Amino acid sequence: MDEKHNYPLDKKINPRIIIHGGAGNLTKESLPRERYDAYRASLRHILATSAEFLSQPGSTALDVATFAVSLLEDDTLYNSGRGAVFTREGKNELECSIMISNGYQKRGVGCSMLQHVKNPIKLARELLKRGEEDGGDGSQDHCQYTGTFVEGLAKKWGLETVEPDYFFTQQRWDEHIQGLEEEEKQRRAGRPVDEMSDWEKANYIPLGTCGAVVLDSFGTICVATSTGGLTNKVPGRVGDTPTLGAGFWAEEWYQEPLPRSQAQERHLSPLDQLSRGSIGSFLYDCLPSIPGLSSAGVDPSKSLSPSYRKGPIRHVVGMSGTGNGDSFLRMNACRTAAAKSRFAIAPLADTVTWMAGHHGELQKSAGDRWGVTHEGSGGIIGIELVEDKGTVVWDFNCGGMFRAWVDDDGEHQCLIFRGEYDKGPDAMMR
């Protein structure tokens with residue numbers, strides 16, 4: 001038993017990783033080829049570096065997820081760390097979170113209103129780890145922190161701090177000024193200020209967040225997320241990124257294998273039944289004429305396989321969201337997707353699409369404001385582990401989502417739209 005993992009390490013688990021760098025009104029017009037190439041190069045570099053770290057013996061999901069997001073925070077292309085968006089007052093107010101499926105008592109930590117911590121995600125990690133210690137300077141008591149007190153802990157613990165002007169980039173400042181000017185134009189024209197202007201439709205304005213979901217060889221999933229929030233948000237606004245269940249989630253549970261009748265009621269395919277541990281139902285559906293095999297499963301007098309694990313099936317999930325954070329808050333989006341997977345007995349890929357895909361619950365939550373404002377826009381990345389099989393998942397309902405992952409064959413993948421840039425507008429739709 002590993003001291004931070006409360007389960008036997010008797011199965012070989014292939015580590016997995018997926019990262020994202022935001023989502024929103026991404027089109028070929030709003031993201032010219034030069035910037036498209038810059039994002040792809042950055043995502044591929046960060047993925048490769050993080051995947052190499054993950055491949056080292058003993059690497060943990062917590063350390064790798066923190067590392068990956070710290071690289072995103074250091075890159076000015078993204079809306080986190082250096083390159084974060086500005087509030088209406090022209091300041092940066094950073095947010096971050098980290099959550100782990102198993103092994104730490106608090107499991108999740110969120111921070112907001114940060115203005116001096118160079119890499120917010122490293123502070124979230126320290127709060128999680130030090131929460132296991134006696135004392136811990138107050139870190140053992142709470143799951144959410146904000147402002148000067150927690151920044152004081154960062155300094156005390158030796159994390160790198162900076163002056164607020166470190167986070168400044170000219171592009172984000174120009175977007176801040178232009179956004180305020182567009183609001184004034186909307187007012188003069190008698191239009192609601194939260195409606196997307198023609199300028200916003202023609203330019204990618206960061207709404208989103210940076211994040212990583214990592215599965216390590218111990219079977220632990222960690223989710224790390226960091227953001228500057230929404231462009232021209234009001235001072236003091238707290239979004240979904242530091243809020244447990246809204247912009248991120250990780251958990252694990254054990255599930256009894258389903259008998260065939262229940263699997264049919266839930267419309268599970270044979271492969272889904274197998275992935276959910278119902279091997280008897282799978283065999284009956286595929287090979288109903290085998291003697292001794294009933295609809296309830298396999299003849300108990302017959303040996304299934306030395307590798308078949310009787311009893312509860314282990315499930316682990318983790319998700320990180322990006323997009324309009326207020327919609328994620330109202331929907332408690334990531335926790336809701338996890339709960340649907342757990343209690344409706346559905347693959348995480350399906351519940352992520354149900355929440356964040358086209359015509360999903362996030363989009364529906366915007367009502368008649370969908371496409372007129374930014375409400376409901378966003379995407380989710382995640383990983384699901386069933387026993388020893390890890391699966392990377394993602395979906396989004398907007399123009400694009402910056403994402404990169406290691407696929408089932410160990411190949412590195414990177415996409416921004418639905419498909420590659422050169423495949424035309426149809427490639428942007430699944």
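What you have open is a predicted model, where local features need pLDDT of at least 70 and side-chain atom pairs count only at pLDDT 80 or more, while totals for chains, interfaces and linings use all residues. Residues are numbered from 1 along each chain as its sequence is written, and side-chain values use heavy atoms, with hydrogens and water left out.

**Stop 1: the annotated site**

Select R237, V238, G239, D240, T322, G323, N324 and G325, which an unreviewed UniProt entry records as "binding site". Of this set, R237 and N324 belong to the lining of the largest pocket. UniProt positions follow the numbering used here, feature names are shortened, and annotations may be inferred rather than shown by experiment. A pocket is worked out on a 1 Å grid over the protein atoms alone, as an open set of points where a 1.4 Å probe fits, with protein on both sides within 12 Å along at least five of seven lines; its lining residues have an atom within 4 Å of a point.

Now zoom in on V238, in the loop between β6 (221-227) and β7 (248-255). Strands here are DSSP runs of E, at least two residues, and helices are runs of H or I, at least four, numbered from the N terminus. The scale is simple: buried is under 20% relative accessible area, exposed is over 50%, and partly exposed is in between, using a 1.4 Å probe and protein chains only.

G239 is in the loop between β6 and β7 too, but this glycine is buried, at 0% relative accessible area. Show the contacts next (heavy atoms within 4.5 Å). Setting aside neighbours within four places in sequence, V238 is in contact with E95, S112, T243 and L329. On the same terms, G239 touches E95 and L329.

**Stop 2: under helix α3**

Select residues 120-130, helix α3, where eight of the 11 residues are buried. Colour P120, I121, L123, A124, R125, E126, L127 and L128 to see the buried ones. What covers them? The list includes α2 (61-74), β2 (94-100), β3 (108-114), β4 (144-146), α4 (148-156) and β6.

**Stop 3: rings**

Show Phe, Tyr and Trp side chains. Rings pair if their centres lie within 6.5 Å, taking the six-membered ring for Trp; planes under 30 degrees apart are stacked, over 60 edge-to-face, and the rest tilted. That gives 11 aromatic pairs. In one of them, F168 and W173 have ring centres 6.0 Å apart and planes at 45°, so they are tilted. F168 is partly exposed at 33% relative accessibility, and W173 is partly exposed at 28%.

For a stacked pair, go to W394 and F396, with 6.1 Å between centres and 20° between planes. Both W394 and F396 are buried. R403 lies over the face of W394, 4.1 Å from the ring centre, and the charged end of R418 sits over the ring of F396, 3.8 Å from its centre. For a charge to sit over a ring, NZ of Lys or CZ of Arg must be within 6 Å of the ring centre and within 35 degrees of the ring normal.

Then look at Y39, Y78, Y204 and F402, which form one aromatic cluster.

**Stop 4: salt bridges**

Side chains of opposite charge can pair when their charged atoms come close. The cut-off for a salt bridge is a side-chain nitrogen of Lys or Arg within 4 Å of a carboxyl oxygen of Asp or Glu, and the structure holds 23.

Stay with R418: it forms a salt bridge with D395, the closest N and O atoms being 2.9 Å apart. D395 is in strand β12 (residues 389-396) and R418 in the segment after β14 (412-415), 23 residues apart. Both D395 and R418 are buried.

Next, select E251 and R342, a salt bridge with closest N and O atoms 2.8 Å apart. Which parts of the chain does this pair link? E251 is in strand β7 and R342 in helix α11 (residues 333-343), 91 residues apart. E251 is buried at 5% relative accessibility, while R342 is partly exposed at 27%.

Last, select R88, E183, E184, R187 and R188, which are linked in a network of salt bridges.
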